[in-house]
Amino acid sequence: MTQTIPLNKLVPSSRNVRRQSDPAADAELKADIEARGLLQNLIVTALKKPRGKYAVEGGGRRLAALSALAADDKLPVDFGVPCLVLDDIGTNAAEASLAENFQRLALNPADECLAFQHFIEKGSDVAGVAKRFGLTVRFVEGRLRLAALAPVVFEALGRGDITLDIAKAYATTPDQERQAYVFEQMATSYNGAHPDSIRRMMTQATVAASDPRARFVGEDAYVAAGGRVERDLFADDQSTRWLDIALLERLASEKLEAAAASVATETGLGWVRPSLDQHVSWEQTEGLQRVTLEAPALTAEEQAEVTALEASASDQIAIIEDEDATDDQRAAAEAEVERLEHAIEAITDKPPVIDEAARSTLGRFLVLGRDGQPRLHEAVYAEKPDTPPEDETGDTSEERDDSSTGRRGAFTQRLTDELAIQRRDILAVHVAADPDFALDLAIFLMIDRASCGQRNGSSLSARHPSDPILGFKTPLAPATIAREEAEAALDRSWTEGESLAARFDAFRALGQDARAAWLGHAVAGTLEASLDVAGASACRFHDHLGSLLGIDTARWWRPTGSNFFDRISKPMMFEALGEVGGPVLAARYMASKKAELAQACERIFAGDFIGEVEVKEAATAWVPAPMRFAGGSVPADQAVHPEAAADGPGDPEAAGASGAAASLEVDADKLEAA
């Protein structure tokens, strides 16, 4: 029987099966009842004591909301509440409470989207809808964002084919065409759809606001030119993506070209070429030859100032390394060290001295730094002079002796081949007798084929292996930057020779360090991709090499969300946290969602968190087991650091080079002695 009972006659039942509630959901229910009234009756039973009271068996949350409204003077204390009164008590009442909670069906997120959109179309605003339903503005905005999904994605959400988290991943960008394309791709994916995978695919055609090109152009100029900016409503960090890459590239190129023209006018150089990259690649210098210029020496006053700045930096570094220092003291010291380093660089980074007579024939590249600021690359170049074309033997047309062709033409092919083999053997005896000469020749043969593409009469080469992923690049990785800088620092003056012979002679005339650097570059380029795991990528010999070289992977690679944590499971992340901080550290994040956990791991393993010194040290030294080299830990004074990698090959013996590489001086008498 249904009857109206005053609110002050209703009390919660001890038999109600619901023991836990959600404060946010309770607030929503209270706001809904205030806006539209009570739409569903309560289920009650009459109490013997105290008489006149009724126990609410079903609808405890609605009773709490009504009581809260009465406490806020929004309802009278004797407000009439429609109730279904059960005659039986005990088991029947408990069953009724259980059934009411079990049989409730939550509204599908797609239906919520349509409902909110209906109120918006009727003239309400987001804040009004949020208040009406007791929700946050962010929640309503998120649902309205989902309402703008591509139809195929929205329909899948409505049918329950995809989860809310997956739908949010598709809403990372508003481009419905891309949403539909990614949805189709994920539908045929072997691994199935995963929010992190979808989010990466959705943002592949976008650029982060932290990209150097974006910093250089500026958001105001980009938006003014019609560029679209997307801020992910579902990301805690409010990450921003720029959607129109072609427009960004054009704006950045135009701005950098104008800056390059201005710099060329200011410096008087013959040309200044813009480059949106951070480094000058070998392809960009095609047709150019590097010009070696000396930077002016520091004056006595400048040297004294540098010495004083370095001493101050040492004092600040001591504070950073002091275990008793607070986090604020370390942060201040780190900021001061950075300021001192910039001050030292401002004094020591002097432009090279250029002969005024030759200035108009020289040029430099204007590159874009990580901070989005253009800077002149330190290398100076000149145009290569035109040279006569070479034939397949490497000789210029002027040097060829056409009469030799006539003599060769008188031989049979068999005789020609036999003589060629015997001549080769004679040359081989002499090369083998002079190890230093052979080492120079080996380096030259490996690098000349790659640089000049000419036939050189040898099968020796240093070919680059095929990577397991085509086109994969890590432009901001320390190892990538160090390799590019080392390659850019190679002395290429020998490549200006007009023939193979001239280039070889010029190469042998280089200093020992220059030739050793080319050897390291050639051999390093042949290494294949490998991990310390079973399978095709395993290479135990690489582990041995890493052990001999004392490689500490943690100094070169740090795990981030995009390169690691987004792409592993939560148990694997908890395992990593447990390795560096034990169960206590892992337990702190047990309630985190996967995306939140990945962000937390990125901060922790970068050392950007408040914790014990031992835990921080373990976190900043941690890398996944497959990335480690066996026995890679070496004393700090022997380790090769990323910041020092581009300074040159250093001591060949300390770097693990062979005895032959450590003694590259050529003894010309050895050939005659042989």
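This is a predicted model: local features need pLDDT of at least 70, side-chain atom pairs count only at pLDDT 80 or more; totals for chains, interfaces and linings use all residues.
Glu487, at 27%, is partly exposed.

These two residues are partners in a salt bridge, in which the closest N and O atoms lie 3.8 Å apart. The cut-off for such a pair is 4 Å between a side-chain nitrogen of Lys or Arg and a carboxyl oxygen of Asp or Glu, so the separation of 3.8 Å in the Arg492–Glu487 pair qualifies.

## Further salt bridges

The whole structure contains 14 salt bridges. Side chains of opposite charge can pair when their charged atoms come close. One of the pairs joins Arg213 to Asp211, with 2.9 Å between the closest N and O atoms. Arg213 and Asp211 are both buried.

A further pair is formed by the side chains of Asp327 and Arg330, at an N-to-O distance of 3.5 Å. Both belong to helix H15 (residues 327-348), and because they are three residues apart, about one helical turn separates them. An α-helix has 3.6 residues a turn, so residues three or four places apart point the same way.

## The buried side of helix H24

Helix H24 spans residues 594-604, and its buried residues are Lys594, Leu597, Ala598, Ala600, Cys601 and Ile604. Around the helix axis these residues cover an arc of only 165 degrees, and they therefore lie on the same side of H24.

## Packing of helices H23 and H25

Helix H23 (residues 570-587) and helix H25 (residues 613-620) have axes that come within 8 Å and cross at roughly 120 degrees. Perpendicular pairs are those from 65 to 115 degrees and antiparallel pairs those over 145; the two helices are therefore oblique to each other.

On the H23 side, the contact is made by Val580, Gly581 and Leu585. Helix H25 contributes Val615, Ala618 and Ala619. Five of the contact residues are nonpolar, one is polar and none is charged. Gly counts as polar in this division, so Gly581 of H23 is the polar member of the contact.

Methods:
Residues are numbered from 1 along each chain as its sequence is written. Side-chain values use heavy atoms; hydrogens and water are left out. Axes are lines fitted to C-alpha atoms, for helices over the stretch in contact, and angles run from 0 to 180 degrees between N-to-C directions. Helices (H or I, at least four residues) and strands (E, at least two) are DSSP runs, numbered from the N terminus. Angles under 35 degrees count as roughly parallel, over 145 as roughly antiparallel, 65 to 115 as roughly perpendicular and the rest as oblique. Contact means heavy atoms within 4.5 Å. Buried means under 20% relative accessible area, exposed over 50%, partly exposed in between (1.4 Å probe, protein chains only). The arc is that of the directions from the helix axis to the C-beta atoms.
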